[in-house]
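Thanks for coming, everyone. Please look at the screen.

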Amino acid sequence: MAKPRFFIDRSVDNAIEIAGPDAKHIRDVLRLKLGDIIEVVDPEGNLADIELTDVASNVSGRVVKTYENAETLPKVYLFQALPKAAKMDDIVRQVTEIGVTGIVPILTERVIVKIEPDKAPKKRERWQKIAAEASKQSHRISIPFVSEILSWDKALDELAHYDQVVVFWEEEQARLPYEALNPTVGSVALVIGPEGGLADSEIADLKRIGADVVTLGKTILRVETAAPVATALVFYDLRKARKAGNL
């Protein structure tokens, strides 16, 4: 059985203390006892096994084993046009499990959902919480950062800072992700449109900043399907390239 994993806000030392909701979860939900082992990850991505030495109001433990962070893949970020209803919740959860470093909600021409400016921070807070919970569940060594919702112009400005931009578009029928990916870069931004897809003018904007446009196949996927499928394919291709010695 996998050990429960928790994220702490300071560097792993010989002894650690966990407070708040995580301590309550360890004590009251998992019902862990003295001597049980949990995993913790610090802000630098250092992973350690912790033997519990106190499960009272706060939870304390001592480091019994540390692990080296051997992640060498390019960092992958998802720029996702806002979908309807609660679909973004599922997208954040699933792409976090797959391994993205960051998630950037964006507004495109065909986005249907309307979010009032005063409600946007609450949305972001919710998605960040979902990302944190999914990171624990999937035993990641980091929690993806969920950005504020960006307008199209701001999204283009932000995308210009990434080493490679890969756009998944239903009108592209030939070029596959592995044909476009550069496994030697440091960061890759994936762009996925809303239910109605990206507009021709938006594709033109992306091509102007050097984006590579690829296909997910001949069928049209739902937005909540396209995001995890595209992300999983990219990670598969990057890991395949690493195994082949290209990373």
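How many aromatic pairs does the structure hold? It holds 2. Before the details, note that this is a predicted model: local features need pLDDT of at least 70, side-chain atom pairs count only at pLDDT 80 or more, and totals for chains, interfaces and linings use all residues. Residues are numbered from 1 along each chain as its sequence is written, and side-chain values use heavy atoms, leaving out hydrogens and water.

Now the rings. Rings of Phe, Tyr and Trp (its six-membered ring) pair if their centres lie within 6.5 Å; planes under 30 degrees apart are stacked, over 60 edge-to-face, the rest tilted. Tyr77 and Tyr162 are edge-to-face, 5.0 Å centre to centre, with 65° between the planes. Phe79 and Tyr162 are also an edge-to-face pair. Here the figures are 5.5 Å and 90°. Phe79 lies in strand S6 and Tyr162 in the loop between H4 and S9, so this pair ties together parts 83 residues apart in sequence. Helices (H or I, at least four residues) and strands (E, at least two) are DSSP runs, numbered from the N terminus.

Buried or exposed? Tyr162 is buried, at 15% relative accessible area. Phe79 is buried too, at 0%. Buried means under 20%, exposed over 50%, partly exposed in between (1.4 Å probe, protein chains only). Ring pairs join Tyr77, Phe79 and Tyr162 into a cluster.
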